[in-house]
Amino acid sequence: NVPNFAFTSVGPGHCLDSSSQLYNFATFILDSNTLAECEATCGNYDKTDNLVGFEVSSSACLCLFENDYLSSETPGIFGTCPASADQCSITGTDGSGAVVSSLPAEDDRHCYKKTNYVKTDVFT
């Protein structure tokens, strides 16, 4: 049951916004950290239109979110960190808007952006 949208490969490493900022993320340690599994896992968290993309490596799947969407680093206790996540990170990650580039990092990490992502103004 993967939602009907697509992701596009950006390049190796961490995803960056137009200001070269990293995004808030939820980490998932999956049984199989494949591209398909990570896409399906992150796709399940796109109900709020705050998912901007994901990063996948052999060790983890990171779902990337619009700045200030994740309100805690503790999964499921309070806030918006998904209960099934292994952890969330909202410290030092101010990425906002569409993914525009990647920063090479770990050898097998790869960045994917949500195709046609448009930041929505929550105040309209």
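Predicted model: local features only at pLDDT ≥ 70, side-chain atom pairs only at ≥ 80, totals over all residues.

Colleague: Is T93 buried or exposed?
Modeller: A residue is called buried under 20% relative accessible area, exposed over 50% and partly exposed in between, with a 1.4 Å probe and protein chains only. The relative accessibility of T93 is 5%, so T93 counts as buried.

Colleague: Which residues does T27 touch, not counting residues up to four places away in sequence?
Modeller: T27 is found in strand 3, and its relative accessible area of 9% means that T27 is buried. Beyond residues up to four places away in sequence, T27 touches A60, C61, L62, A85, D86 and Q87.

Colleague: Which residue in strand 6 is the bridge partner of A26?
Modeller: Two strands pair if DSSP finds at least two bridges between them. Strand 3 (residues 24-28) and strand 6 run antiparallel and are joined by 3 bridges. Within this pairing, the partner of A26 in strand 6 is C88.

Colleague: What is the order of the strands in the open sheet?
Modeller: The open sheet holds 6 strands with antiparallel pairing, in the order 1-8-4-5-3-6. Strand 1 (7-12) and strand 6 (87-89) each have a single partner strand, so one side of each is left without a neighbour in the sheet and they stand at the edges. Neighbouring strands are turned by 25 degrees against each other on average, direction ignored, with axes being lines fitted to C-alpha atoms (for helices over the stretch in contact) and angles running from 0 to 180 degrees between N-to-C directions. Read across the sheet, then, the order is 1-8-4-5-3-6.

Colleague: Which residue in strand 5 does F54 stand opposite?
Modeller: Strand 4 is mostly covered, with 6 of its 6 residues buried. A hairpin joins strand 4 to strand 5 through 4 residues, and the two strands run antiparallel with 5 bridges between them. In strand 5, the residue opposite F54 is C63.

Colleague: Which residue in strand 8 is the bridge partner of G53?
Modeller: Strand 4 is also joined to strand 8, again antiparallel, by 4 bridges. In strand 8, the bridge partner of G53 is K113.

Colleague: Which strands do the buried residues of helix 1 pack against?
Modeller: Helix 1 (residues 35-43) lies across strand 1, strand 3, strand 4 (51-56), strand 5 (61-65) and strand 8 (110-114), and runs at about 150 degrees to strand 4. Its buried residues are C38, T41, C42 and G43. These buried residues pack against strand 3, strand 4 and strand 5.

Colleague: How many residues apart in sequence are the parts that R109 and E55 tie together?
Modeller: A salt bridge is a side-chain nitrogen of Lys or Arg within 4 Å of a carboxyl oxygen of Asp or Glu, and by this rule the count comes to 1. The side chains of R109 and E55 form such a bridge at 3.2 Å, N to O. R109 counts as buried at 10% relative accessibility, and E55 counts as buried at 3%. R109 lies in the loop between strand 7 (101-103) and strand 8 while E55 lies in strand 4, so the parts that the pair ties together are apart in sequence by 54 residues.

Colleague: Which residues do ring pairs link into a cluster?
Modeller: Rings of Phe, Tyr and Trp (its six-membered ring) pair if their centres lie within 6.5 Å, where planes under 30 degrees apart count as stacked, over 60 as edge-to-face and the rest as tilted. A search of the whole structure finds 4 aromatic pairs. The cluster that ring pairs link together is made of F7, F54 and Y112.

Note on methods. Residues numbered from 1 in each chain as written. Heavy atoms only, no water. Contact = heavy atoms within 4.5 Å.
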